[in-house]
Amino acid sequence: MIAIIDYGAGNLRSVSNAVASLGYKAYITSDPEEVVKAKAVILPGVGAAADTVNSLKSHGLDKALMQLIADRTPLFAVCVGLQVLFEESEEGGGCQCLGLLPGRVRRLPGGMKVPHMGWNNVKQVQSHPLFDGISDDSYFYFVHSYYVESAERSTVIGETYYGLEFASAVALDNVVATQFHPEKSGPTGLKMYDNFLKTALRGSL
């Protein structure tokens, strides 16, 4: 079973359609019990960090995500889904996030158009199954005003430049996450989802 988490926001239909186009069956759910039973989980992201955290908590999905970490269930988080996995965010004057990964979320610097919206390349700084068959410096679609500053360099597997170099893909144990939207990134983004699901469902992420 593949679960796509519904916390009242997120890019649910685009993600669901992307997964279906690859031949996988996934279900959209806001039930924590269904989430923890899944073999692979996708946490989509659209919106503000504080709103996302509050919505996840109101559904009990924060605890479900913690359980996924403990159970080593493969998890793919996207955009603000990535950001809320970290400890805190500067967005909205500052908010506490879930603290599942070490680091904080900062606003993109001045001098560049914010939000960062459109196609940009991702430099692969570490080899990872998520990038199998994907060329280094491939382009993906971004929409964000904040970026992750990881406290552990070893978790960063992809970087992108937009006013500064920032972590655009991270991985730690069973968790992978991207600042960009694979579901909006054409064939290359679909390949990334396929890589995640193939690896996750055979239990080798």
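**View 1. Serine 138 is found in strand S9 (residues 138–144).** Helices (H or I, at least four residues) and strands (E, at least two) are DSSP runs, numbered from the N terminus. This is a predicted model, in which local features need pLDDT of at least 70, side-chain atom pairs count only at pLDDT 80 or more, and totals for chains, interfaces and linings use all residues. Residues are numbered from 1 along each chain as its sequence is written, and side-chain values use heavy atoms, with hydrogens and water left out. Serine 138 counts as buried, at 12% relative accessibility; buried means under 20% relative accessible area, exposed over 50%, and partly exposed in between (1.4 Å probe, protein chains only). A polar atom of the serine 138 side chain lies 2.6 Å from the backbone oxygen of serine 135. Not counting residues up to four places away in sequence, serine 138 touches Asn120, Asn121, Val122 and Thr188, where contact means heavy atoms within 4.5 Å.

**View 2. Aspartate 137 lies in the loop between strand S8 (116–124) and S9.** With 35% relative accessibility, aspartate 137 counts as partly exposed. The side chains of aspartate 137 and asparagine 121 are joined by a polar contact of 3.0 Å. A polar contact is a pair of N or O atoms within 3.5 Å; within protein, one must be able to donate a hydrogen and the other to accept it, and residues adjacent in sequence count only if both atoms are side-chain atoms. Residues up to four places away in sequence aside, aspartate 137 touches Asn121, Val122 and Lys123. From C-alpha to C-alpha, aspartate 137 and alanine 49 are 28 Å apart in space, and they are 88 residues apart in sequence.

**View 3. Helix H1 (residues 12–21) and helix H6 (residues 186–201) have axes that come within 10 Å and cross at roughly 70°.** Axes are lines fitted to C-alpha atoms, for helices over the stretch in contact, and angles run from 0 to 180 degrees between N-to-C directions. H1 and H6 are therefore roughly perpendicular to each other; angles under 35 degrees count as roughly parallel, over 145 as roughly antiparallel, 65 to 115 as roughly perpendicular and the rest as oblique. On the H1 side, Val15, Ala18, Val19 and Ser21 meet Leu190, Tyr193 and Leu197 of H6. The residues of this contact comprise six nonpolar, one polar and no charged. Ala, Val, Leu, Ile, Met, Phe, Trp, Tyr, Cys and Pro count as nonpolar, Asp, Glu, Lys and Arg as charged, and the others, Gly among them, as polar.

**View 4. The structure holds zero disulfides.** Cysteine 79 is in no disulfide, and the nearest cysteine sulfur, that of cysteine 97, is 13 Å away. A disulfide is a pair of cysteine sulfur atoms within 2.5 Å. The sulfur of cysteine 97 lies 4.2 Å from its closest cysteine sulfur, in cysteine 95, which is too far for a bond. Cysteine 97 is buried, with a relative accessible area of 8%, and cysteine 79 also counts as buried, at 6% relative accessibility. Cysteine 79 lies in the loop between S4 and helix H5 (80–83), and its phi is near 55°, a positive value in a residue other than glycine.

**View 5. Arginine 72 has a positive phi of about 60° although it is not a glycine.** Arginine 72 is located in the loop between helix H4 (61–71) and strand S4 (75–78). At 52% relative accessibility, arginine 72 counts as exposed.
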